[in-house]
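Me: I am new to this structure. Please show me how to read it, one feature at a time.

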Amino acid sequence: MSSSPSPLSARGSRLALLVVGLCWLAVLFDGLDMFIYGSVLPHLLETKTFGLTADTAGDLGSYATFGMLVGALAAGTIADRIGRKKLMVSCVVLFSLASAVCAIADSVAVFGLGRTLAGVGLGGLLPTAISMVSDYAPRGRGAIVIGLLMTAHHAGGILSAYVAKGLVDPVGWRAAFWVCVLPLLFAPVLARFLPESLSFLVAKGRGDEARALAARYDVELPAAKSAKPGAADRWTNLVNLFRGGEWIQTLLYWLASFGGLLLVYGVATWLPTLMRAEGYELGSALSFVVVFNLGGIVGMLFAGRAADRFGAPRISAIWFALTAAGVFLLSVHMPMTATMVVVFLTGVFLNSAQTMIYATVSIRSNADNRATAVGWTSGMGRFGAVFGPWLGGQLLAAGNGDWGFTAFALAGLSSMVFIGIAAVRGARQTPKSTAGPELVSAH
């Protein structure tokens, strides 16, 4: 077992590949389940399934994002108790079974219950998977590995479009949700081959297990960390975000995050339906989902490098401005090729703009407060994730579907303004950290 900071051994590399590969597949299924609702939504509205209306559809979209809020908030506490591996397996089982509830639903209420439960599983899986790959990532490669992991979420979005295109018309929308049950077969594979987090084993005093795993793959054993801060300390860290002039900076980050995730989940839910409203055929509208998520994959791989060179705050503001322009252009009926290019570029910038907010918060925060600052910025943003799908539904229900893209574009502009002001104010202050930007999930 290596105890020096030498490059990762061949066996350690195999372990990293194993963990990243299994987590990538889990997040792929996460993305499939997340995007499948938006992919089948135009069909549900056209066939008036369950008597579904646009405003009810928006509510259903918000149920999943509300469940994600609950799952994300509970993930850390549960993972500390049962371990990251067990939590990941549990989340895969939960959102797979929840998709079965959607597939057999005979009413809006039952379907909504299924989407809410799926959201809880989705919200718990992503941060846990990020923690797992961070544990096993080669030294100095954490951001790249997390960026690679996040491509799986968008690959799942691409898969959802193909599932909808291949199954909805010939078989029916329920078949698409049955496909989302198939990850249940992956849960035993995950339970069998995914190793537990070494950090968790060490923190729980299970040193023998940790040493055996580290020796098996010739990886370094993480040092035991001091006990996590108690409730009083966590409360103090939160209060520190509002001391002196910090409250202005904190609120700017929260508002930027709110607008960013409103935009991300609003577009993810309503893109196919809004494109149908613009006159495109269903097949073309679903093709836009594929292209949009391809852009997301490119953006995730590109964002970190751009932030390293030009600074995360500046990139976040520019990315939101470009996103707003792209989303607004989608309300204009253009030639198909031009529309595809705009959709692709919008995917590139939209899906990484929010990531740069988290990177900015991480850079500007003290080491002691960094986790609290990023966590609360993400948490406040998730209220925007709940609001975005609802807003799209309300606009369509009121016969203002043309305003859908405009409203989401305005959300992007608001985030550009808030993160831009925060960046200017932050530049006037002494930097609190020299750490590089952390590539954190925007979802």
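Reply: Start with contacts. A contact means heavy atoms within 4.5 Å. In this protein, take the contacts between residues at least 6 apart in sequence: 84% of them join residues at least 24 apart.

Me: What kind of model is this, and how are residues numbered?

Reply: This is a predicted model; local features need pLDDT of at least 70, side-chain atom pairs count only at pLDDT 80 or more, and totals for chains, interfaces and linings use all residues. Numbering runs from 1 along each chain as its sequence is written, and side-chain values use heavy atoms, leaving out hydrogens and water.

Me: How many helices and strands does the protein have?

Reply: Helices (H or I, at least four residues) and strands (E, at least two) are DSSP runs, numbered from the N terminus. The protein has 16 helices and zero strands.

Me: What share of the residues counts as buried?

Reply: Buried means under 20% relative accessible area, exposed over 50%, and partly exposed in between, with a 1.4 Å probe and protein chains only. Of the 443 residues, 55% are buried. As for the surface, accessible areas come from the Shrake-Rupley method with a 1.4 Å probe; for residues, only the protein chains shown count as cover. The protein exposes about 18200 Å². Carbon and sulfur atoms supply 65% of that area.

Me: Which residues touch the most other members of the largest nonpolar core?

Reply: In soluble globular proteins, nonpolar side chains tend to be buried together. A nonpolar core is a set of buried Ala, Val, Leu, Ile, Met, Phe, Trp, Tyr and Cys residues joined through side-chain atoms within 4.5 Å. The largest one here has 134 residues, and C23, M88 and F408 touch the most other members. Helix α1 gives this core its largest share, 18 residues.

Me: Tell me about C23.

Reply: C23 counts as buried because its relative accessibility is 0%. Leaving aside neighbours within four places in sequence, C23 is in contact with M88, A129, M132, V133, L149 and L194.

Me: How many disulfides does the structure hold?

Reply: A disulfide is a covalent bond between the sulfur atoms of two cysteines. Here the test is a pair of cysteine sulfur atoms within 2.5 Å. The structure holds zero. Take C102: the closest cysteine sulfur, in C180, is 8.7 Å from its own, too far for a bond. C102 is also buried, at 1% relative accessibility.

Me: How do I read helix α11?

Reply: Begin with its span. The expected value is 1.5 Å times one less than the number of residues. Helix α11 (residues 246-277) has 32 residues and reaches 44 Å from its first C-alpha to its last, close to the 46 Å expected. Next, the bend at a residue: the angle between axes fitted to the seven residues ending there and the seven starting there. α11 bends by about 60 degrees at W270, and P272, a proline, follows within four residues.
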